[in-house]
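Here's a quick briefing for anyone meeting this structure for the first time. Take a look at the sequence and model, then read on for the rings, a helix and the ligand.

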Amino acid sequence: MAHNKTCLVTGAAGFIGSHLCYRLLSEGCRVIGVDCFTDYYDRSIKEKNIENLLQNPSFRLLREDVTGIEQSGLEGEGIQWIFHQAAQAGVRASWGRDFEHYTHHNVLGTQRLLEWARKIEPERFIYASSSSVYGNTGKLPMHEDDLPRPLSPYGVTKLAAEHLCNLYHQNFGLPAVSLRYFTVFGPGQRPDMAFHRFIKAVLAGNELTIYGTGEQTRDFTYVSDIIEANLSAAKTEGIEGRVYNLGGGSRISVNGVLEILGRISGQKVKVKHEPIQAGDPPHTYADTERARSELGYSPGLSVEQGLELMMESFS
Ligand code: UGA
C-alpha cells in the first residue's frame with residue numbers, strides 16, 4: 001500500500017540512509033534528506049549514493065549537520081516520519097582522539113534532533129541503533145531485554161542515543177522506536193566494512209586482512225531486510241518506546257564468509273592475519289522473535305545470496 005508521508009531521513013547519503021530514501025520514494029513519500037558528508041570515508045561514494053535521488057522531484061537534500069537541525073527551517077514542512085540514520089559509524093575506529101566525532105554526531109546530534117522533534121510532533125521517530133550496544137554478552141542469541149554492556153566507545157554512544165530516544169518517549173510522549181541493526185551488508189556497503197573490503201581485495205587479486213583467527217561470528221543482515229523493517233516500524237501502531245533487534249537470522253564466522261566468497265568468485269582468497277581489534281565483540285547473534293511477531297519482520301536473503309548481489313554491484 002502506498003503512503004504519502006513526508007519523511008525526514010538523516011544520514012541520507014550513507015549506505016543505509018540512501019537505500020531507505022529510494023524505498024520511501026517508491027512508496028509515494030516525499031523525502032527530505034539531511035547529510036553533512038563527513039570525511040570518514042571518501043565523500044564521492046556518498047555523492048554517488050544519492051545521484052539518482054537528486055533527480056527525483058519528491059526528494060530534497062540539506063547538506064547540514066544534524067546538530068544544527070534547529071536552524072534548518074524545516075518546521076513548516078509537515079514531517080510525519082523521522083528516520084534517524086546519521087551517525088559516526090565504525091566500531092574499531094572509535095578509540096582515542098576521534099571519540100569526539102562519536103559523541104558529537106551520535107550523542108549530541110541525536111539529542112538535538114529529539115528536542116526539535118518534540119516541537120514538530122512527528123507520527124513516528126525511528127532510531128537506527130546497533131548490535132554494538134550489547135558488547136560481549138556471553139549469551140547467544142542476544143535479546144532486547146539483556147543488559148547492554150558495549151565493548152567499544154562507538155557502542156557506548158549508540159546506546160546513549162538509544163537511551164535518549166527512550167527518555168524523550170517516556171517524558172514527552174515522543175513516538176520513538178529503536179532498531180538494533182546487526183552488521184548490515186549489501187550493495188553500497190561502507191568501504192571500511194568487512195564484506196566491502198573482502199570483495200574489493202578478491203576482485204583485485206590482493207590479500208585481505210583477517211582480524212584475529214577469523215573464528216569470530218556475526219549475524220550479517222541484508223540491507224533490504226533492514227529497510228523493510230524501518231517501513232514496518234513506521235507503520236505499525238502501538239509500538240512507541242519499543243526496541244527491536246534486526247538480524248539476518250543466522251550467524252557465520254569470518255572464515256565461513258571467506259569460504260563462500262572463494263566459491264562464488266571462483267578465486268583463491270589470499271589472507272593475512274592481524275591482531276584482533278579492540279572493541280570487536282567475539283560474536284553477535286540476534287534474537288529476532290520480537291521483530292518477527294510485532295513488525296512482521298522476515299529476513300529473506302542468505303549471506304551467500306547477498307554476497308552474490310554485492311559482488312555483481314562491484315562490476
Ligand atoms: C558493523 C558496522 O560497521 C557498525 O557500524 C555497526 O554498528 C555494527 O556492524 C553493528 O552490528 O551494529 P562490524 O560487525 O565490525 O560492525 O562489521 P564489519 O566491519 O563487517 O566486520 C565484521 C567482522 O569482520 C568483524 O569481526 C571484524 O573484525 C572482521 N573484519 C573486518 C576483518 O576480519 N577484516 C576486515 O578487513 C574487516
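Nine aromatic pairs turn up in this structure, where rings of Phe, Tyr and Trp (its six-membered ring) pair if their centres lie within 6.5 Å, with planes under 30 degrees apart counting as stacked, over 60 as edge-to-face and the rest as tilted. The model is a predicted one: local features need pLDDT of at least 70, side-chain atom pairs count only at pLDDT 80 or more, and totals for chains, interfaces and linings use all residues. Residues are numbered from 1 along each chain as its sequence is written, and side-chain values use heavy atoms, leaving out hydrogens and water.

**Aromatic rings**

- W81 and F83 make an edge-to-face pair, at 6.2 Å centre to centre and 90 degrees between the planes.
- W81 is buried at 2% relative accessible area, and F83 is buried at 0%; buried means under 20% relative accessible area, exposed over 50%, and partly exposed in between (1.4 Å probe, protein chains only).
- F185 and F220 have ring centres 6.4 Å apart and planes at 85 degrees, so they count as edge-to-face too.
- That pair links distant parts of the chain, with F185 in strand β7 and F220 in the loop between β9 (217-218) and β10 (221-222), 35 residues apart; helices (H or I, at least four residues) and strands (E, at least two) are DSSP runs, numbered from the N terminus.
- F185 is buried at 1% relative accessible area, and F220 counts as buried at 8%.
- Ring pairs also tie F185, F195, F220 and Y222 into a cluster.

**Helix α5**

- Helix α5 spans residues 194-204, and its buried residues include F195, H196 and F198.
- The cover over the buried residues of α5 includes β7 (184-185), β8 (208-211), α7 (254-265) and α9 (303-314), with contact meaning heavy atoms within 4.5 Å.

**Around the ligand**

- Of the 23 residues around the ligand, S130, S131, Y154, T183 and D280 come nearest; a residue is near if one of its heavy atoms lies within 4 Å.
- The shell residues divide into eleven nonpolar, seven polar and five charged.
- A backbone N or O atom of T209 sits 2.8 Å from a ligand nitrogen atom, while a polar side-chain atom of D280 lies 2.5 Å from a ligand oxygen atom.
- The protein buries 95% of the 700 Å² that the ligand exposes when taken alone.
- The elements giving two or more residues to the shell around the ligand are α5 and β8.

Methods
A polar contact is a pair of N or O atoms within 3.5 Å; within protein, one must be able to donate a hydrogen and the other to accept it, and residues adjacent in sequence count only if both atoms are side-chain atoms. Accessible areas come from the Shrake-Rupley method with a 1.4 Å probe; for residues, only the protein chains shown count as cover. Ala, Val, Leu, Ile, Met, Phe, Trp, Tyr, Cys and Pro count as nonpolar, Asp, Glu, Lys and Arg as charged, and the others, Gly among them, as polar.
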